[in-house]
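Please open the model in your viewer and keep the selection panel at hand.

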Amino acid sequence: MEGKRVRLEPLSHAHLPQLCEVGLDDELWKLTTTVIRTSDDMKKYIDTALKDLSDGKALPFAVIEKKSNKAVGSTRFGNIEPAHRRVEIGWTWIARQWQRTFINTEAKYLLLSHAFETLGCQRVEFKTDSTNSRSRAALTRIGAKEEGVFRNHMIVPGGRIRHSVYFSIIDSEWGEVKKELEKKMAAEF
């Protein structure tokens, strides 16, 4: 999937060196369900994503900033439920220097467009840690609706109990969400 300044490429081991350049940053992993500190951790992250791909559970992507042609993060479709025309967008991380820029907006636009317009989804869902105010604000900013909190949802690295906040966009909302995202992207260019 390709936009004006962002390209989403199928994730592969070829992305490992670039993802290590930008992703071995402890700050990125503080509120996630995965911790990546070494190149071996990043390789395992990619291995897991590719296993989920081969099992039909996920479609993982490298997020490429087109001007530099460099990977600046990763995202994926997961929890794919064709019978219910539902998919989750998640496992998203963007290098800190690219956070709060056009990267996430355009990447989400590409994923949402594909989900609703190509895959025919009726629902796209997202979830984030209840303590991750940046992620929650970003999801609201792209037009997702907060649905509720799954209390004591999972135990994250370090043993903390995570409450997960669920968000969604449904097919009847996509037209308006798409227009608003296009306005945001036009303002960012």
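**A tour of the pockets**

Begin with the second largest pocket, in which about 220 Å³ of space lies, bearing in mind throughout that the model on screen is predicted. To display its lining, select Thr34, Tyr45, Thr48, Asp52, Lys57, Ala58, Arg76, Gly78, Asn79 and Trp91. If you then colour by secondary structure, helix H2 (39-54) and strand S3 (70-81) can be picked out, each of which supplies at least two residues of this lining. Colouring by residue class instead divides the lining of the second largest pocket into three nonpolar, four polar and three charged residues.

Of the 40 residues that line the largest pocket, select Thr92, Trp93, Thr128, Asn132 and Ser135, which are the closest to its centre. By class, the lining of the largest pocket is made up of 15 nonpolar, 13 polar and 12 charged residues.

Finally, select the cysteines Cys20 and Cys121. Cys20 counts as buried because its relative accessibility of 14% is under the 20% limit, and Cys121 is likewise buried, with a relative accessible area of 6%. If you look for sulfur pairs within 2.5 Å, the count of disulfides comes to zero.

Notes: Residues numbered from 1 in each chain as written. Predicted model: local features only at pLDDT ≥ 70, side-chain atom pairs only at ≥ 80, totals over all residues. Heavy atoms only, no water. 1 Å grid on protein atoms, 1.4 Å probe; cavity = no way out; pocket = protein on both sides within 12 Å on 5 of 7 lines; lining within 4 Å. Nonpolar A, V, L, I, M, F, W, Y, C, P; charged D, E, K, R; others polar. Points joined across faces, edges and corners; volume = space filled by probe spheres on them. Helix = DSSP H or I, 4+ residues; strand = E, 2+ residues; numbered from the N terminus. Buried < 20%, exposed > 50% of the residue type's maximum accessible area, 1.4 Å probe, protein only.
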